[in-house]
Amino acid sequence: YKLSVSPEMDIMEYCRKEWRGNTPVAKRMRKGYEAVAQKFASIRRIRGDNYCAFRATLFQALSQATQLPRWLQSEDFAMLPENLLSKYDWIKQWQLKQKPGKKMGEISDEIKEYLILLRKKWKNISEIKDPLEKQEACDKLFKNEEEEYSLYEALKFLMLSTAIELYNTDKSGRRVPVFSWLLFARDTSSNPCQLMQNHLNHIGHSGGLEQVEMFLLAYALQYTIQVYRLYKYSTDEFITLYPNDPEEDWPVVTLITEDDRHYNIPVRMCQETML
């Protein structure tokens, strides 16, 4: 049995265990971890399948949630699969992780269930006042594999919906964030249909999130994802924000990566940082 989010461990202890040598890379990683340790006391390792960016982001968002985000409160939130499917027939090629090969026409109800589950879990956890209890509820959710993967399906679908919205906004001549151009400038995703077929359908199966998709995830959740990119220590990309010009009222979650492929999470802000 593999833990999705392992128990917390002292950040510098973790670093000493992982990066012992005297190579330039090991030295840089140690420096990076030292910088993170100025702000956070502990680290929790995230299970390393191709969902780790989703897992790390969602775990952090739920751990600190105190209310239901606006977009989760909207009346027609659960109708998203139905509404999109009525306009874009190609969404029928959506691939569900648990049910590869099932046609989207048959699974729009299932995606609807996943969206409702996301709203329910977010609501329940955000209503817990006691921090310890909240943490326990998050730990419990991320031990339930079926629910956990259902939530990732919901996130992927929200990313598709956001991508369609950005694409249409751009086509109608209105302003879109820069990452949206980059997203659709790739040969493999020049429109939302290709994005789904060549990227979103593969997340969790054969690949994780690419950097430009981290922006899309941030936009879909309306969260700022702040990432300590340890291999970029001492460059101006050491702390990267997705999106890099976030809305002021978006909450912030913090992740750590050594290579832009796998993500862990820092926890327990040091007292002086909180003040």
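Start by selecting W122. With contact meaning heavy atoms within 4.5 Å, and leaving out residues up to four places away in sequence, W122 touches L58, A61, L62, A65, Q67, L68, P69, W71, L72, L221 and Y223. A note before you click on: this is a predicted model, where local features need pLDDT of at least 70 and side-chain atom pairs count only at pLDDT 80 or more, while totals for chains, interfaces and linings use all residues. Residues are numbered from 1 along each chain as its sequence is written, and side-chain values use heavy atoms, with hydrogens and water left out.

L118 and W122 have the most contacts inside the largest nonpolar core, which has 77 residues. Such a core is a set of buried Ala, Val, Leu, Ile, Met, Phe, Trp, Tyr and Cys residues joined through side-chain atoms within 4.5 Å; buried means under 20% relative accessible area, exposed over 50%, and partly exposed in between (1.4 Å probe, protein chains only). Color residues 145-171 next: this is helix α8, which gives the core its largest share, 13 residues. Helices (H or I, at least four residues) and strands (E, at least two) are DSSP runs, numbered from the N terminus.

Apart from that core lies another one, of 13 residues, including Y33, F40, F238 and I256.

Next stop: helix α11, residues 211-221. Here 10 of the 11 residues are buried, so α11 is largely enclosed by the rest of the structure. Among the buried ones are F215, Y219 and L221.

Show the strands, and you'll find six of them in an open sheet with mixed pairing, ordered β1-β2-β6-β5-β3-β4. Its edge strands are β1 (9-10) and β4 (239-242), each pairing on one side only. Two strands pair if DSSP finds at least two bridges between them.

Zoom in on β6, residues 263-269, a mostly covered strand with five of its seven residues buried. On one side, β2 (residues 40-44) pairs with β6 in the antiparallel sense over four bridges; pick R44 and you'll find its bridge partner I265 in β6. Strand β5 (residues 252-257) also runs antiparallel to β6, joined by two bridges, and I256 has N264 as its bridge partner in β6. Follow the chain through the β5-β6 hairpin: five residues lie between the strands, and D260 in the turn has a positive phi of about 65°.

Finish with β3, residues 224-229, which runs parallel to β5 and is joined to it by six bridges. Select T224 and look for V252, its bridge partner in β5.
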